Amino acid sequence: MSRQNTQEKKLRIKRKVRALVSGTASRPRMSVFRSNNFMYAQLIDDSTATTLVTASDCTKAGSKAKKMTKMEGSISVGKEIAKLAIAKGIEAVVFDRNGFKYAGRVKALADSAREAGLKF
């Protein structure tokens, strides 16, 4: 399978997920992005096309001081996004896995966000 076909396949999966998932002000969409090194999560209100809260493990102050594995970084992003969301008064979100499989670091982020108090 060529690189172009792989990218088209991933884009097709992402479009299918986004066709089903939409966020509102009361229940925003939690979009997750997984790069080779870092994890990113943001809460998006699709009705006004604004980002309400964002968190990642590359901007976290403690990540430079303490070496973290990728899994530990994902867990910390989940806890951080939940803490910021609850501080803004957001308790429930719609989870958008952004075309990634719901396994590994994506699942760890979701589970840690649930444990920290977000409902989805």
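User: Okay, what kind of model is it, and what gets counted?

Analyst: This is a predicted model, in which local features need pLDDT of at least 70 and side-chain atom pairs count only at pLDDT 80 or more, while totals for chains, interfaces and linings use all residues. Residues are numbered from 1 along each chain as its sequence is written, and side-chain values use heavy atoms, with hydrogens and water left out.

User: What does the chain average in pLDDT?

Analyst: The chain averages a pLDDT of 89, and 92% of the residues score at least 70; pLDDT is the predictor's confidence in each residue, from 0 to 100.

User: And which elements have the lowest and the highest mean?

Analyst: Helix H2 (residues 61–65) has the lowest mean pLDDT, 51, whereas H4 has the highest, 97. Helices (H or I, at least four residues) and strands (E, at least two) are DSSP runs, numbered from the N terminus.

User: Let's look at H4 then. How do H3 and H4 cross?

Analyst: The axes of H3 (residues 70–87) and H4 (residues 105–115) come within 7 Å and cross at roughly 35 degrees. Those axes are lines fitted to C-alpha atoms, for helices over the stretch in contact, and the angles run from 0 to 180 degrees between N-to-C directions. The crossing of H3 with H4 is right-handed, meaning that the near helix is turned clockwise from the far one by less than a right angle.

User: Which residues meet there?

Analyst: On the H3 side they include Met 71, Ile 75, Gly 78 and Ala 82, and on the H4 side Arg 105, Leu 109 and Ser 112 are among them; contact means heavy atoms within 4.5 Å. By class, the contact of H3 with H4 has 8 nonpolar, 3 polar and 3 charged residues. Here Ala, Val, Leu, Ile, Met, Phe, Trp, Tyr, Cys and Pro count as nonpolar, Asp, Glu, Lys and Arg as charged, and the others, Gly among them, as polar.

User: Switching topic, how many salt bridges are there?

Analyst: The count comes to 6 salt bridges, each being a side-chain nitrogen of Lys or Arg within 4 Å of a carboxyl oxygen of Asp or Glu. One of them joins the side chains of Arg 29 and Asp 96, at 2.8 Å from N to O. Because Arg 29 lies in strand E1 (residues 29–34) and Asp 96 in strand E4 (residues 94–96), this pair ties together parts that are 67 residues apart in sequence.

User: Are Arg 29 and Asp 96 buried or exposed?

Analyst: Arg 29 is buried at 7% relative accessible area, and Asp 96 is buried at 0%; buried means under 20%, exposed over 50% and partly exposed in between (1.4 Å probe, protein chains only).

User: Last one, where is Thr 69?

Analyst: Thr 69 sits in the loop between H2 and H3 and is partly exposed at 46% relative accessibility. Thr 69 and Asn 37 are 32 residues apart in sequence, and their C-alpha atoms are 9.4 Å apart in space.
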